[in-house]
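Here is a short briefing for a first look at this protein. Keep the sequence and the 3D view open while you read.

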Amino acid sequence: MKTRVGVIGIGMMGSTHLDAYRKIDGAEVVAVADPIKERREGLSTAAGNIEGQSKGGVHFSAFRKYEDGMDLISDPDMDLIDICLPTPLHLRYAKAALASGRHVLSEKPFALDSRQGKELADAAADAKGMLMCAMCMRFWPGWTWLKERVEDQQYGKVLGAQFRRTTCHPGGPFYSDGAACGGAILDLHIHDTDFIQYCFGVPKAVFSRGYAKDTTHIDHVVTQYLYDDIPWWSRKGPGRFNPEHPFICNIR
Ligand SMILES: NC(=O)c1ccc[n+]([C@@H]2O[C@H](COP(=O)([O-])OP(=O)(O)OC[C@H]3O[C@@H](n4cnc5c(N)ncnc54)[C@H](O)[C@@H]3O)[C@@H](O)[C@H]2O)c1
């Protein structure tokens, strides 16, 4: 039996998710919601900034269509509700979807601050369904390779690591509004933080500095993640890489 899915928000990420569901045998999209008629009817696809996304080719004729995500949540005939809404709407719709008893996949970031994030985590703890955040980079090929090498220690134990992401601003009104998208620190750096935690566990301490450029929020940021068993900042003095154990990884 297939997992029946409803997708809320058929913008850039909503159409990317529709593309992905088409390739999963065990999934069947049954409903979509978007106030923009052309999008919920599949007449236009939002452009994306990820290679290979939003390719189209999805047939919308069999989908039930709703103008608002809350109407889709009221439709009982689906197992999983997938939230691809602008970030400020995630909390309200994800909580409503969890309260309806279905599994929920929400685009990142879950919420715009830790208080809201905890509110959603608490709602998930009490819910019948599962909640998952779409931290997609854990599943990207280069990143899965890196996670495997960290675990199997093919090149030795990781004693220090350096990650760097450089990317252009995605543009458009949503990503230019720091209050809505959270700036690059929340919109993009969250992927880096998630991946570092995925590989190495929760750090003992985090130190971040950055500045606003494209939005009113932090758009350029450098973070140090401090772990007791990754000693490259402490053994030979601050800022000096441990030459006995070089492990440098640049991700762009
Ligand atoms: N996982 C990733 O790598 C990744 C990449 C890009 C964006 N995102 C996240 O995806 C989310 C969506 O970003 P996007 O670029 O697709 O935005 P978008 O503006 O392209 O799409 C959002 C869609 O939601 C629709 N919408 C708004 N209110 C609605 C409502 N009440 N009910 C139903 N639909 C409604 C809009 O009409 C629009 O089509 C953001 O939170 C962003 O951070 C994640």
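The points below go from the overall fold to the ligand and then to single residues.

This is a predicted model. The protein has ten helices and eight strands. It holds 252 residues, and 27% of them count as buried. Among contacts between residues at least 6 apart in sequence, 68% join residues at least 24 apart.

**The sheet**

- Six strands form an open sheet with parallel pairing. Their order is β3-β2-β1-β4-β5-β6.
- Which strands stand at the edges? They are β3 (64-66) and β6 (131-133). Each has a single partner strand, so one side of each is left without a neighbour in the sheet.
- On average, neighbouring strands of this sheet are turned by 25 degrees against each other, direction ignored.
- In general, strands of a sheet pair through backbone hydrogen bonds, either parallel or antiparallel.

**Strand β4 and its partners**

- β4 covers residues 80-83, and β5 covers residues 103-106. The two pair in the parallel sense over four bridges.
- Ile81 stands opposite Val104 in β5. Ile83 stands opposite Ser106, also in β5.
- β1 and β4 run parallel too, joined by four bridges. Here Val5 has Leu80 of β4 as its bridge partner.
- Leu80 and Asp82 point one way from β4, while Ile81 and Ile83 point the other way. All of these residues are buried.

**Helices on the sheet and on each other**

- Helix α1 lies across β1 (3-8), β2 (27-33) and β4. It runs at about 165 degrees to β1.
- α4 (residues 90-99) and α5 (residues 114-125) pack at an angle of about 10 degrees. Their axes are 10 Å apart.
- α4 and α5 are therefore roughly parallel to each other, as angles under 35 degrees count as such.
- From α4, Leu91, Ala94, Lys95 and Leu98 take part in this contact. They meet Gln116, Glu119, Leu120, Ala123 and Ala124 in α5.
- By class, the residues of this contact divide into six nonpolar, one polar and two charged.
- Which residues of α4 are buried? They are His90, Leu91, Tyr93, Ala94, Ala97 and Leu98.
- These buried residues pack against β1, α3 (69-74), β4, β5, α5 and β6.
- Just after α4 comes Gly101, with a positive phi of about 90 degrees.

**Around the ligand**

- The shell around the ligand holds 26 residues. Gly9, Gly11, Met13, Gly69 and Glu107 come nearest.
- Which element gives the largest share of this shell? It is helix α1 (residues 12-22), with three residues.
- By class, the shell has 15 nonpolar, five polar and six charged residues.

**Backbone points to check**

- Most residues other than glycine have a negative phi, and most peptide bonds are trans.
- The peptide bond from Lys108 to Pro109 is cis, with omega near -20 degrees. Pro109 is found in the loop between β5 and α5.
- Gln153 is a residue other than glycine with a positive phi, near 55 degrees. Gln153 sits in the loop between α6 and α7.
- Is Gln153 buried or exposed? It is exposed, with 9 other C-beta atoms within 10 Å.

- Thr144 lies in helix α6. Why does Thr144 count as exposed? The cut-off for exposed is 12 or fewer other C-beta atoms within 10 Å, and Thr144 has 12.
- Thr144 and Phe195 are 51 residues apart in sequence. In space they are 9.9 Å apart, C-alpha to C-alpha.
- Thr166 is in the loop between α6 (141-152) and α7 (172-176). With 8 C-beta neighbours inside 10 Å, Thr166 counts as exposed.
- Thr166 and His220 are 54 residues apart in sequence. Their C-alpha atoms are 9.4 Å apart in space.

Note on methods. Residues are numbered from 1 along each chain as its sequence is written. This is a predicted model: local features need pLDDT of at least 70, side-chain atom pairs count only at pLDDT 80 or more; totals for chains, interfaces and linings use all residues. A residue is near a molecule or strand if its C-beta atom, placed from the backbone, lies within 6 Å of it. Ala, Val, Leu, Ile, Met, Phe, Trp, Tyr, Cys and Pro count as nonpolar, Asp, Glu, Lys and Arg as charged, and the others, Gly among them, as polar. A residue is buried if 20 or more other C-beta atoms lie within 10 Å of its own, exposed if 12 or fewer, and partly exposed in between; C-beta atoms are placed from the backbone. Two strands pair if DSSP finds at least two bridges between them. Axes are lines fitted to C-alpha atoms, for helices over the stretch in contact, and angles run from 0 to 180 degrees between N-to-C directions. Two residues are in contact if their C-beta atoms, placed from the backbone, lie within 7 Å. Angles under 35 degrees count as roughly parallel, over 145 as roughly antiparallel, 65 to 115 as roughly perpendicular and the rest as oblique.
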